[in-house]
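The following paragraphs walk through a few selected sites of the structure shown below. Please keep the sequence at hand while reading.

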Amino acid sequence: MIDCVTAQNARRYNNALNQMYQRRYDIFVTRRGWKDLARPDGLEKDQFDTEKAIYLLSIRDDGMVDGGMRLLPTTEPHLLADVFPHFVAGEVPRGPNVFEMTRYFSIRDHAQRRHMRRVRGELLCAMFEYCLVHGGEWITTMLDTFYVHRMRDNNWNEIVLGPPTHYAEGEGVAVKIAVTRENLSWTRSVHGVFWPALRMESTEAVARAA
């Protein structure tokens with residue numbers, strides 16, 4: 001299952017958050033070559049990892065982090081509006097009903113491929129579950145063009161916000177995805193996740209602390 005981590009309950013997840021930053025460094029800096037994010041401490045953090053960030057994390061029983069993603073309320077500074085607005089033809093979608101999704105990742109574990117497929121699917125389901133509960137109507141994200149076909153396997157009927165655009169390490173495209181129960185249902189079906197993905201204890205703790 002997926003845990004929801006925010007500023008309200010972050011103390012309970014100090015180890016998991018540190019692992020998340022390490023995993024992100026391994027994936028995005030070491031493997032993907034995002035050199036602007038290189039840091040001597042081996043942690044991938046940027047200016048949007050603030051107390052406003054919402055992290056969805058897949059954590060094993062032994063505490064190991066298998067995957068995660070970051071959601072940001074677009075009423076706050078966020079990647080698409082503040083770093084890559086040129087990826088959008090027109091105005092960047094933002095507002096209290098729009099969340100930005102970035103830093104979606106899963107670790108490589110060739111011995112547990114079936115488990116890792118489930119992790120990736122649970123994260124996407126948890127994304128919709130969280131947004132549905134918190135008034136989200138749209139999710140924006142920027143992804144590399146070579147991932148577009150994988151995204152379309154989910155049947156989200158995403159809206160492309162601009163033409164493919166080059167950035168330092170490749171070519172990407174910005175999209176927005178409707179937050180609907182239909183899209184959650186499609187995601188469950190595609191990934192075989194026929195159960196609530198978001199751990200209720202973590203979301204209830206966030207609600208109580210807010």
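Leaving aside its neighbours within four places in sequence, Ile107 is in contact (heavy atoms within 4.5 Å) with Arg23, Arg60, Met64, Val65, Asp66 and Met116. The model is a predicted one, in which local features need pLDDT of at least 70 and side-chain atom pairs count only at pLDDT 80 or more, while totals for chains, interfaces and linings use all residues. Residues are numbered from 1 along each chain as its sequence is written, and side-chain values use heavy atoms, with hydrogens and water left out.

Ile107 sits in the loop between strand S4 (98-106) and helix H3 (113-133); helices (H or I, at least four residues) and strands (E, at least two) are DSSP runs, numbered from the N terminus. With a relative accessible area of 12%, Ile107 is buried, where buried means under 20% relative accessible area, exposed over 50% and partly exposed in between (1.4 Å probe, protein chains only). Ile27 is 80 residues from Ile107 in sequence, yet their C-alpha atoms are 8.0 Å apart in space.

Strand S4 also holds Arg103. Arg103 is not a glycine but has a positive phi of about 55 degrees, and its relative accessibility of 8% makes it buried. A positive phi of about 55 degrees is found at Asn157 too, again not a glycine. Asn157 lies in the loop between helix H4 (148-152) and strand S6 (159-160) and is exposed, at 69% relative accessible area.

Thr141 belongs to strand S5 (residues 138-144) and counts as buried because its relative accessibility is 8%. Its side chain reaches the backbone oxygen of Met101 at 2.7 Å. Beyond the neighbours within four places in sequence, Thr141 is in contact with Met101, Val173, Ala174 and Val175.

How do H3 and helix H5 (residues 181-191) cross, and within what distance do their axes come? The axes, lines fitted to C-alpha atoms over the stretch in contact, with angles from 0 to 180 degrees between N-to-C directions, come within 9 Å and cross at roughly 165 degrees. H3 and H5 are therefore roughly antiparallel, a term for angles over 145 degrees. On the H3 side the contact is made by Gly121, Leu124, Cys125, Phe128, Glu129 and Leu132, and on the H5 side by Arg181, Asn183, Leu184, Thr187, Arg188 and His191. These residues divide into five nonpolar, four polar and three charged, with Ala, Val, Leu, Ile, Met, Phe, Trp, Tyr, Cys and Pro counted as nonpolar, Asp, Glu, Lys and Arg as charged, and the others, Gly among them, as polar.

How values were computed. A polar contact is a pair of N or O atoms within 3.5 Å; within protein, one must be able to donate a hydrogen and the other to accept it, and residues adjacent in sequence count only if both atoms are side-chain atoms. Angles under 35 degrees count as roughly parallel, over 145 as roughly antiparallel, 65 to 115 as roughly perpendicular and the rest as oblique.
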